[in-house]
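Please study the structure shown here and work through the exercises that come after it. Each task is followed by a solution in steps.

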Amino acid sequence: MMKANMQVDLLILGMGAAAELAAIYAHDARPDLNILIATKALKGKGGCSRMVQGGFNVVLDPGDSHEKHLMDTLKGGQYINNQDLAKALVEEATPTVKELETVSGCFFDRREDGHIHQKAFAGQCFDRTVHKGDLTGIEIISRTTEQIFKRRIPVLEETRAVELLLDSEGKTVTGALLFNMRRGEFLVVEAAATLVATGGGPTQYRFHAPGPEKSADGIAMLYRAGALMRDMEMIQFHPTGLIVPGSVVAGALLEEGLRGAGAHLYNGEGERYMLRYAPDVAERATRDVVSRSAYLEMMAGRACPEGGVRIDAAHLGADFVLKNFPGMAERCAQFKYDLARGMVPVSPSAHFFMGGGVIDTECRASLDKLFVAGEDAGGVHGANRLGGNGICESCVYGRLAGKSIARYLGKAENRSIKKTKPGLAADMVARLSAPLSRATGTNPLHNRTEIQESNWNKVGVVRNKADMESALGDFASLRKDVDAAAVSGGAYNMVFNVHLDTLNMMDVSVMAATSALQRDETRGAHTRSDFPEQRDDYGLFNTFLWRGPDGLPQWEKRAVEFKHKSLEACQKHKK
Amino acid sequence: MQNNHLRTVKIFRYDPEKGGEGHFQSYSLDIPQPEITTILDVLLRIQKEQDPSIAFRFACRVNMCGSCGMVINGREGLACKTNVAHLPSGQDITLRPLNHFPVIKDLVVDMSPFFAKYEDTLPFFEPIEQRSEPYVIKPDTKERVDIAMDTDCIACGCCVSSCTMVNNHEGYAGPAALTRAFTLLADKRDALFEPRLTRALDSCYNCRTEFNCTEVCPKSISGTRAIKYIQRLAVTHLKDIKPLPPHPAEEKAKNDPKPKAAEPDTPCSCKCHELPDPSRRAFLKSTTGMVGLGVAISLTGILGVSAVVPTLADQPAQWVPVGNAASYPVGSVNTTMITYKRKQAIHTETVNVPILIRRDSEQDFICFNSSCTHLGCAVSWDPTTKRFECACHGGAFDVDGNVIAGPPPRPLDRLPWKLENGIIMVEVV
């Protein structure tokens, strides 16, 4: 079942914005590099960058400043961001978005005077979100994928990474074990540098925004390889996931720009409840606040008949909605909702990992020869990500990673490939393919549902200690179920692919619950019913986490370093 | 009790380990809410509830990635964008892989040929100059108005599957690649105008303007419009079109010692997915023939040639029996196949066509020609929605044959009828 080894200079896992920009910039800096991209989907078709709707936060206007964007990002993150990473994000966003146009050929929407248009998003003191209609990701990923074609960078399609490979000391990443879904074959690719940029996607929840193909692969692989992780309790729920009973579309988003443009939210009693939770900004509060409020309304028995709350954009005028949000209107119309003229039922939907692998501004992770960019990395967004900072992070850090890796591999001593621990890959293959030779066992599709229900009910939008401890018990038993899976069939085996997904979902579920139990307060995306207040005299720390010898996470809390902006400055900032 | 929500779903199955031609497998699925159930939901439910072995491809599930293109009841579409209620309720749901692509398994095709052809037209931006600031371009400039939303193509392959030419002309890049070429040719920021135009034009002349690509595009992009735009450029840029040295990216590929990224996935050799779709493909071919004939007729008219040209209008009408009037209950709508011989020029052919019979009272019938007035596919009666529906492009007609949805330009044609000794007869040509 295993193919012979391949060796390259740079192995890139994933093919979203972070991965593609890393490939483009590494190639352009050092055209002699042998780069190989491995993606779970077809070329440029997987992942969440493509699904970006609203847009990309960036400072372009003379009236705006990096200072303001940074303050919005830190305020949005409730102060626990890594300030170096947040500062690089806002400063590098400006050249990154310009180069998306001048190098990759994107064309974002223009103002009437011909300059790039920037629209309003929640939680920001300036309208700085660059976009292409309301389906911005298609423009970015279509154009950057073409640039990969142009550079003839080889891509392994429908070939997902399943484990990172290590040397005998376990301190250096030597490449990755990949699985070719089409052929049902594993293969080993060794590399002088490995970039993990698979994207996250918290699909371990019943209701989730990313496509069901996502399963936090990169984050789980980093953890299993022993990389240092952070902020894993911080999982963003987007407030406006579409409710479509019985459909896989459920949880797909209605973009933030609707709230930015002035859409209202109503509970089942017809009350505009956000006026109660956030009197100043109402629906334009940050996602953590809006999601939490919706969930509390639902829990208080004030849900709409469909089970969530309702978004009303119709009061903005049908023409306005159809002109500015044609993609959203079409998405609603497919399920018999009229966004332009009526209310649409929505619910909080699991959306994004603020946590992930620990990196520096060069995208270096805690293991040698390992780089991480995009949603797989943690620290940029703190406790909550602003809408429009997600694709921003993927593009900015993909570009930085490409440049950084080219510099790294430019040194002859770094260009060599370390020897993988003998037998490591073979052991992994034996363990991973065990379900294929089992005659009877559990069903991966069923296991996935169980994981999703447990997370949704016990480690969801609003959490408490007892539920999370109970969830950890569930996870221990679910882990046994996942390990006992039985799958039949050979090539293009979708159920086996789901089995591989559940292995990763298990690890991120345990990480999230473990980390969440360390934070006895409510902050950003982490809401505790047993500790409903944010406690700035207690909570200004990050939980760092790594895999212990027993396979379970070990952790350490470290105080936030207010390197560029003081706590007082962050607290005082008003959007 | 009969379950009204039960639908038959026929899925094309091909197992690469067994080889062969593939076959259709039928599943019966309860679909209580067809208005909000997508074909992707149908597949996921069958996989979960009945048969974990079926293979299909999807990623985003919200019309943004273009991974789930397939042929749904004879028409290309995205599984995630097609709801069950978009299909006539009386019909089975038939799902097969995109045409022209090698099948990997079941509904999963190898898209490599798509991207290989895509690259024919240099489908990537090459900046005309190095600069740090984006261009100032007003949104109402002609260039941007022309490009419109055509850069929103998600490369799903539906257009290529629907095209009857792309598989028969090796040099034809097809609608998706030419659409991208068009958006770049119109983009003043791009440096590859001349080589791209040369390559694209070479390709464009294979288009037969059938509009299939335009009909099926899930993003409402018209490949036909893009192709005609490129052809018009030939008029204004004739002097620019000359053999050119290859683009640096091509040169680079030749000399590049990069690792071969594994061997290509060589999927099945089965031809089953290439079998013509009985309803539409056959029809499209015949229409093309008729269009050609029409052109020939008008040309002869213009040239003033007085040779006798056989035309459909010259056909003698004839009365053909449909069936015993007693077998058509009052208040019903039925479909009956009729068979008759028709002489066309020097050729006599046997015609088999369905006729739609509506009986309003003892003495009152209405007989419709079942050909959709759009492109002639056979329409069928849907007793649930009480409409005549065309599976090809979504046309729908009310019980009187009036257009209520889709592209048909006029009501269904009515056929003269009479009763003779209890037998209903219709007049046809």
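The model is predicted: local features need pLDDT of at least 70, side-chain atom pairs count only at pLDDT 80 or more, and totals for chains, interfaces and linings use all residues. Residues are numbered from 1 along each chain as its sequence is written, while chains are lettered from A and ligands numbered from 1 in the order in which they are written.

**Exercise 1. Describe the open sheet of chain B that has five strands.**

Step 1. Helices (H or I, at least four residues) and strands (E, at least two) are DSSP runs, numbered from the N terminus. Two strands pair if DSSP finds at least two bridges between them.

Step 2. The order of the strands is 2-1-5-3-4, and their pairing is mixed.

Step 3. Strand 2 (23-30) and strand 4 (75-78) of chain B each have a single partner strand, so one side of each is left without a neighbour in the sheet.

Step 4. On average, neighbouring strands are turned by 30 degrees against each other, direction ignored. Axes are lines fitted to C-alpha atoms, for helices over the stretch in contact, and angles run from 0 to 180 degrees between N-to-C directions.

Step 5. Strand 3 (residues 69-72) and strand 5 (residues 93-96) of chain B run antiparallel and are joined by two bridges. Opposite Val71(B) stands Arg96(B) in strand 5 of chain B.

Step 6. Helix 1 (residues 39-49) of chain B lies across strand 1 (6-13), strand 2, strand 3 and strand 5 of chain B, at about 95 degrees to strand 2 of chain B. Contact requires that the C-beta atoms of two residues, placed from the backbone, lie within 7 Å.

**Exercise 2. Describe the hairpin of strand 17 and strand 18 of chain B.**

Step 1. Strand 17 (residues 417-420) and strand 18 (residues 423-428) of chain B run antiparallel, joined by four bridges.

Step 2. Glu420(B) has Ile423(B), in strand 18 of chain B, as its bridge partner.

Step 3. Two residues lie between the strands, and Asn421(B) in the turn has a positive phi of about 55 degrees.

**Exercise 3. How many residues of helix 8 of chain A are buried?**

Step 1. Helix 8 (residues 287-299) of chain A has 13 residues. From its first C-alpha to its last it reaches 18 Å, close to the 18 Å expected at 1.5 Å a residue; the expected span is 1.5 Å times one less than the number of residues.

Step 2. A residue is buried if 20 or more other C-beta atoms lie within 10 Å of its own, exposed if 12 or fewer, and partly exposed in between, with C-beta atoms placed from the backbone.

Step 3. By this rule 11 of the 13 residues of helix 8 of chain A are buried, including Val289(A), Tyr295(A) and Met298(A).

Step 4. After helix 8 of chain A comes Gly301(A), with a positive phi near 85 degrees.

**Exercise 4. Are Ala282(A) and Asn63(B) buried or partly exposed?**

Step 1. Most residues other than glycine have a negative phi. Ala282(A), however, has a positive phi of about 50 degrees, and that of Asn63(B) is positive too, near 60 degrees.

Step 2. Ala282(A) is in the loop between helix 7 (274-277) and helix 8 of chain A. Asn63(B) is in the loop between helix 1 and strand 3 of chain B.

Step 3. Ala282(A) is partly exposed because 19 other C-beta atoms lie within 10 Å. Asn63(B) is buried because 23 do.

**Exercise 5. Which residues touch the most other members of the largest nonpolar core?**

Step 1. A nonpolar core is a set of buried Ala, Val, Leu, Ile, Met, Phe, Trp, Tyr and Cys residues joined through C-beta atoms within 7 Å.

Step 2. Among the 266 residues of the largest core, they are Leu10(A), Ile12(A), Ala22(A) and Leu195(A). Helix 16 of chain A gives the most to this core, 14 residues.

Step 3. A second, separate core has 21 residues, among them Phe368(B) and Trp381(B).

**Exercise 6. Which element gives the largest share of the side of chain A that touches chain B?**

Step 1. The contact takes 59 residues from chain A and 55 residues from chain B.

Step 2. The largest share of the chain A side, eight residues, comes from helix 4 of chain A.
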